[in-house]
Amino acid sequence: MYQFDRAEYEKRMEWYTDARFGMFIHWGLYAIPARGEWVRSQEEIPKEEYMKYFYEFNPIDYDPKKWAQAAKDAGMKYVVLTAKHHDGFCLFDSQYTDFKSTNTKCGRDLVAEYVEAVRGAGLKVGLYFSLIDWYHDDFPHYGDRNHPMRNHPEYSNENRNFDRYLTYMHNQVREICTNYGKIDLLWFDFSYDELRGEAWKGTELINMVRSLQPDVIIDNRLEVSGEGYGSLASGNPAPYHGDFVSPEQMIPPNGIQDVNGKDIAWEACVTMNNNWGYHATDRYFKPASMLIKKLVECVSKGGNLLLNVGPDAKGNIPEESLERLAVIGKWMKKNGDSIYGCGKAGIEKPDFGRVTAKGKKLYFHMYENTIGPVPLPQLKKEDIASIRWLATGAEIPISTSWVHSDYPDIVFADLGPDPVLPDEIDTVLEVTLK
């Protein structure tokens, strides 16, 4: 009978809840049609037709050191790459398939190079692995909710052996956990309909993974998809429970709690535009200022942000993404202390922004200035050791102005006469408590 070990769990989660910010990289053959990573499913492309991208694939600009450096410069602490997405194409040299990067014109194990580059940059190494495989003959085709051939009765499931597929899938996970040194994060994707938990032989899979990578952190998608919490939140974790909840393309309104009201680890995975994989005509990029504020929002609610880039067919991260990462990095250089190792402050969200906390430090994130001195809710004057601009360390005095004399129970900070905040995106006040 599986017994959840809380101490062991919290120990392996330490680096992850401290990091708060990571890079997701969706990349594969789908960068060539450049209509997103679900293109084969959405357009119901037969395998034979999709193979032209396999024969063409040759990312001549692929340099994972550049990717790792972009992540590091942005203030990210970990990176997760799609070793295999739903189309079944492997960026690693799997001995169980011919559908892999080493058999393309490229002729390289792209995961091996990625792992080396990310580790070399001092970042934590994550790999994404799809439980679903639209290439494998034994994965359900006709009638499956997602398979490209779901509406084509000529691709019946007769003679398809799902156990044979599971053996294949488990073997590939074993390769990932064996051939690339220490893997810090394993990101499975995803469960749906009847394909959940033990349908994947989840207990067996996780026992194998943990025997090979005892400290690896695993998401919750052996049980759920981007919606649903999984059994970690139920108070009765299954052997294949995830270590964190993985909401997709949204930030939970109040963080995420288990059935007993206890906060649990979560990570919002978010795209910069509207697609995970490279999409040539998707120019709907979120502004850097918005992405910074969304990172702060995640941390203030006790979560991480995994922000995606989708490199193009040649292996380049889009210019729009790099520009945003540079702005985020500039802000993080001065304000990272209000992100790393931080979480909920237990203070009501102020009108001007948000609050994150770490130990005796409270970080007031100001998105706009107040009229008059800044109220610091729920704090008493005698509890405050100091108030500083986080970016410069300069002192901010407690206000003694008459304008707030009607509110003797609230502490106000005196930011001086300039109504314009020093950082137009997010100016951070560091309050140290006694």
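In which loop does S399 lie? I located S399 in the loop between β11 and β12 (411-413); helices (H or I, at least four residues) and strands (E, at least two) are DSSP runs numbered from the N terminus.

**Basis.** I worked from a predicted model, in which local features need pLDDT of at least 70, side-chain atom pairs count only at pLDDT 80 or more, and totals for chains, interfaces and linings use all residues. Residues are numbered from 1 along each chain as its sequence is written, and side-chain values use heavy atoms, with hydrogens and water left out.

**S399.** I recorded a relative accessible area of 5% for S399, which is buried (buried is under 20% relative accessible area, exposed over 50%, partly exposed in between, with a 1.4 Å probe and protein chains only). Its side chain makes a polar contact with that of H404 at 2.7 Å. A polar contact is a pair of N or O atoms within 3.5 Å; within protein, one must be able to donate a hydrogen and the other to accept it, and residues adjacent in sequence count only if both atoms are side-chain atoms. Neighbours within four places in sequence aside, I found S399 in contact (heavy atoms within 4.5 Å) with P373, H404, F412, A413 and D414.

**Sheet with β11.** I noted an open sheet of 4 strands in the order β8-β9-β13-β11, paired antiparallel; pairing requires at least two DSSP bridges between two strands. β8 (353-358) and β11 (384-389) are at the edges with a single partner strand each, so one side of each has no neighbour in the sheet. I counted 6 bridges between β8 and β9 (residues 361-366), and A357 stands opposite L362 in β9.

**Helix α4.** I looked up residues 64-73 and found P64, W67, A68, A70 and A71 buried. These buried residues fall within an arc of 160° seen down the axis, so they line one face of α4; the arc is that of the directions from the helix axis to the C-beta atoms. They pack against β1 (21-25), β2 (78-84), α5 (110-120) and α9 (319-335). The face turned away from the buried side carries the exposed K65 and K66.

C269 is in none, the nearest cysteine sulfur being that of C298, 10 Å away. C269 is buried at 1% relative accessible area. The sulfur of C342 is 14 Å from its closest cysteine sulfur, in C298, which is too far for a bond.

Terms used: Disulfide = S-S within 2.5 Å.
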